[in-house]
Amino acid sequence: MEHIRTTKVEQVKLLDRFSSSNKALTGTLYLTATHLLFIDFHQKETWILHHHIASVEKLALTTSGCPLVIQCKNFRTVHFIVPRERDCHDIYNSLLQLSKQGFANDTNEILDRPMCLQITHFHQRTGKIVSSTKYEDLYAFSYNPKQNDSERLRGWQLIDLAEEYQRMGVPNSNWQLSDANRDYKICETYPKELYVPRIASKPIIVGSSKFRSKGRFPVLSYYHQSKEAAICRCSQPLSGFSARCLEDEHLLQAISKANPANHYMYVVDTRPRHRMQSWWATQKDIGRIIVRISSRIWNDEKIRESDEKKRLNAMANRAAGKGYENEDNYSNIRFQFVGIENIHVMRSSLQRLLEVSGTRGLSVGDLYSGLQSSGWLRHVQAVLGAAVVLAKAVTTESASVLVHCSDGWDRTSQVCSLGSLLLDPYYRTVRGFMVLIEKDWISFGHKFSERCGHLDGDPKEVSPVFTQFLECVWHLTEQFPQAFEFNEAFLLQIHEHIHSCQFGNFIGNCQKEREELKLKEKTYSLWPFLLEDRVKYLNPLYQPQAQEFAVLEPNTVSFNFKFWRNMYHQFDRTLHPRQSVFNIIANMNEQNKQLENDIKDLESEQTLLPGNDALRTIDSSNPADNRYSEYAEEFSKPDPAVVSLEYGVARMTC
Amino acid sequence: GLLNSCPAGVASCPASSCPCRSPLSPRLTLLESVLLGPRPTTSRMEFSELIRTGQAQAELLRGPEAPPLRGTLCVTGHHLLLSPGPQATPDLWLLLLRSVDSIEKRVAGDCGTITLRCKDLRVLQLDIEGVEATLNIARSIEALSSLESVITSFPFFYRPKGLRLGDAWHFHPPERYYKRVARETNAWRLSEANEDFSLCPSYPRAVIVPRAVNDDALALTARFRQGGRFPVLSYHHAPAEPAGWVRLPELSPCPQVLLRSSQPLIGPQKRRCAEDEALLRAVLAGSRPGARGFIVDTRSAQTAKQARMTGGGTEAKAAYPGWKRLHRPLERGRPLQESFVHLVEACGDLEQSMDHWLSRLAGCRWLAHVKEALSTACLAAQGMEREGACILVHGAEGTDSTLVVTSLAQLILDPSSRTMAGFQELVEREWIQAGHPFQLRCAHSAFSHARPKHEAPTFLLFLDCVWQLGRQFPLSLEFGEGMLLALFDHAYASPFGTFLCNSEQERCLCEVRTRTHSLWSGLNQLKEQRKLRNPLYVPNPLALWPSVEPQSLRLWQGLFLRWTRPPEPSEAAWEKVWQIVTDQEKTEGSQPTVSASELQL
């Protein structure tokens, strides 16, 4: 609270960023410990969580007051005009501190931050030490939804990954639970429970982990029971290792052999080829398996088998200066490259997209050339394309697949989770999707806190990798409107909470860190709260039993990729459509069920209808915040919006 | 060739002394002979002359999703038939030859391949046994699909079961709309000055004009407007009472009107026409006191000025006090057709990279045209609704972009035009009766290699705008995407007579009303309803103000990618929606209070 100097400012104007008119909402701005709240004269509330604030900007003073522009991580942009400059300055400073973003703008400040829970920074602009940020300051540690400890614990136990692996059918005769990483000794960023081929002994695992970046050796991500094929994940092999790693080769063989249905397996490298090639050029170490074998794919795909052997042998011998082992050892591995760009490319791509789509008075040509130059849709297409490769290998060839990128926690998480989503209808249910996120993202160490910038860490570590995953899922829901139990609102709500820091799930960068933070004792899990509001997130068109949706085969032709308006402009009320077809159908469907079940009890069913949770306080702040009920009110009230044509009228009246 | 050039001559003849305006001009008899062509008795013989090979064995490929069809291919006077062998399904596959836009033939060995690109943007491939047969069939299709005589076209032979000839033809005459206007105001009258199409060949017999203007003045005004298209009432907007739907004519707060016309024939000499000026003055006088008028010119100020050199122009400020001119350039004609062609080309390329696709989407400018059309319509509607002004819309001929603007403005403002019947009436009144030259504009679609003459997808642009409106307000239109697709298909090739010819005059000469079936009677059959209606429709008495930001506009995939992407998931989804809605209606019967209160305003 020590950062808050002014708690209330009256006569503040809220402008719409897409409307050029002076039609602003006037109201009162409140600053609380966790939220910025604006109540307009219609008594409509706009809540902005401090953690959602990505940047605050104070613009030059105008005649009507001091403009303050706040950009949020959930793509909300608000433009306030505060009448007095002093108030504006106070709010600006408070928000800078409360949102911990004072440093985020200093991109030249590159931090080498090890696993530490507390950091202190030198604020370059003001030149003084600004308060240190630590995990314990995050909202989740003070958020209290009035639950007792056993309820809290039950919430955390809702998603049990051991149960999930059992559902997949492991352990079985080919796959077993390994205790090698019991104390996070082998790999700090992996979970404790890891599934590996039964024939892979502990020394093999340890050996392989030393050969892989960050110790992230190949482990099971998804097991397809009927095809007996597995999706495995790992990180890149370490460069500068002079010899081949027998243990790693053994582990790959073991994975391949764990699939009795097929004699070969795929290794999918999710990095773009040109990067691989330049990387390859710098490698002295030809003995390493990945590069050696993959060269035959990307150097010359048309080359004949025998030529290939000669060529490879020659290359290997020349470079390594030693004999090359029997090629048959590797004949059962096929390499595949799918080009997904790295986190830095993705970050600037989305930034460019938002710059373009946030422009007022944009022309159609500008939007599409902006979409094109940002490359965002191309990246989304590449990610989904990689998942399709995975699903095809498993379903049509019954082959196991090993996926890796560099560190194996960004692109690998995207591709593995999307691949599983295509293969297994369970992950397309509300609960299954939570399990999928827990498994492939949270447990396998996607660095949520760094990627979402929860603390003021290195801005170069921030990247919309998970947002991109959600967008891929959205594109799938668009192509298969009946294959998913959940709707768009569910995806948006999850996106809301990866940044909100209201719940413990997405705090920290890996399981080890989460245990050290004692998140399960000090914070709440998001999932039970989402399940409580399940009705809001259901897709009324869902066909759970439909056979044609058993395995999804999405079409990745370019024109199937669209700009996700409802994500990037969800708060821009003047950009239609604002009526959601799915919500109204969901309401009808819900009513139908209710009426059939219990015609007599009308009152109880009224509570299911939207628009009833208008009351809320910060303490018991509804986790599934009421944005969607606002949204739902719109159906019954297709209120004509402000048209962005004031220009025309202005000309007419002059 | 004659048919195509002749009515165009009428439309693009700016000189007021055009001979075609006199009722018994030799031009009319010429027109008659071209339109009617050879007598129907000889037409059958003519068809058989054009058919070189009646039958062949063939395999039909209908795109990546549908399974190929094998059987006997047969060319008839109006259709291409494929009857599968006895072992296969008994369904007969049928294609109206009129819907073939371009044809491409290739022969290899002793068989050939014909690729048919249809006006509804479908691409079909026929693999035919026998080189001779292939060439002959290709030639027959080419000849039959480009027959220009109206009277021998299929609608004159189409006699479906369950429909009566003459049904629904009197469903939407302007008289009917006038009755509605007369209930709201008495400032307007129905004039039959154009009874013999002598004032304006592209107008219907009856038009709605200010009561204060008599028929003689109308005749003089007609001479001052290109093609005789003097200003007529397009839409009378009486804002809904807050209470709901009850309207009291005498209390109607401030009725606004939307008019349309063609450009005035100002010419280099800056001519004026007292009657024309008086007509527009009378419009303002008939509205509330002190009302202002806006002339929305769908050309840029420069183009409008340049039009003076060829006898046209735009209203001079000084001559029309109370009226202010606004220029909103809309694309039309050749550039619009090219935009359509480029978009369809881009949509046919499945292999292109994302970058290439996005740059082609931007480069073809189709969505930019949609945005411009929608925002100009919003401007006109806003002028009426918010400014209480009278609006006159015109471009040059007043038969293309003018109609896009006036019909969209009505859809935005008028809840009754958003119903199934109201929308049909709107299309009938504002497009067909208003003289949009369908036959010229829709002679070819996006695939034709023929040199474009008068083709332009103006009507498609309108349909796309309506689709955008329906997407932004998914509950407010009673008709669904299916209706818009059906209108697109039928405008380009149809077994019904509704979209035949270029004007009411031509349709009268061809006796379209008595000798063909109306599309509306076809569409209003019960079995078609699920395809055409929007299951989620809830009447909405308010104006629909669409967002015209490019972020809110989307490519109409249902049309442009209709045949390239599998339709199943979305079709199945809509089936499910229908099921839920039907269930809803059932349960509503038992417990009406809940859903009614939820869904109503």
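Predicted model: local features only at pLDDT ≥ 70, side-chain atom pairs only at ≥ 80, totals over all residues.
Q: Which domains does the assignment give for chain B?
A: Domain 1 covers 48-147. Domain 2 comes in pieces: 185-238 + 253-310 + 320-574.

Q: How far apart are the C-alpha centres of domain 1 and domain 2 of chain B?
A: They lie 36 Å apart. The two domains of chain B do touch, with 14 residues from domain 1 and 20 residues from domain 2 in the contact.

Q: And what area is buried between them?
A: About 1400 Å². Carbon and sulfur atoms give 66% of that.

Q: Why quote an area at all?
A: The size of an interface is often given as the accessible area lost when the parts come together.

Q: Which three residues of domain 1 of chain B supply more of its buried area than any other three?
A: B:Asp101, B:Lys119 and B:Leu121. They supply 44% of what domain 1 buries against domain 2.

Q: Which strands of chain B are on that side of domain 1?
A: Strand E5 (100-108) and strand E6 (111-118) each supply at least two residues there.

Q: How do the residues on that side divide?
A: Into 5 nonpolar, 2 polar and 7 charged.

Q: How many salt bridges cross the interface, then?
A: The rule finds 0 between domain 1 and domain 2 of chain B. For polar contact, it finds 8 residue pairs.

Q: New topic, chain A. Where is A:Ser348?
A: In helix H9, residues 343-357. A polar atom of the A:Ser348 side chain lies 3.1 Å from the backbone oxygen of A:His344.

Q: How far is A:Ser348 from A:Lys73?
A: Their C-alpha atoms are separated by 15 Å. Along the chain, the two are 275 residues apart.

Q: Which residues does the cis peptide bond at A:Pro171 join?
A: A:Val170 and A:Pro171, with omega about -5°. A:Pro171 is in the loop between helix H3 (161-168) and strand E10 (175-178) of chain A.

Q: What about phi of A:Lys214?
A: Near 60°, a positive value in a residue other than glycine. A:Lys214 sits in the loop between helix H4 (202-211) and strand E12 (219-224) of chain A.

Q: What is phi of A:Glu228?
A: Near 55°, also positive. A:Glu228 is in the loop between E12 and strand E13 (229-234) of chain A, and is partly exposed at 31%.

Conventions:
Residues numbered from 1 in each chain as written. Chains lettered and ligands numbered in written order. Heavy atoms only, no water. Domains from an automatic or database assignment. Contact = heavy atoms within 4.5 Å. Buried area = accessible area lost by both parts, 1.4 Å probe. Salt bridge = Lys/Arg side-chain N within 4 Å of Asp/Glu carboxyl O. Polar contact = N/O pair within 3.5 Å; in protein donor to acceptor, adjacent residues only side chain to side chain. Helix = DSSP H or I, 4+ residues; strand = E, 2+ residues; numbered from the N terminus. Nonpolar A, V, L, I, M, F, W, Y, C, P; charged D, E, K, R; others polar. Buried < 20%, exposed > 50% of the residue type's maximum accessible area, 1.4 Å probe, protein only.
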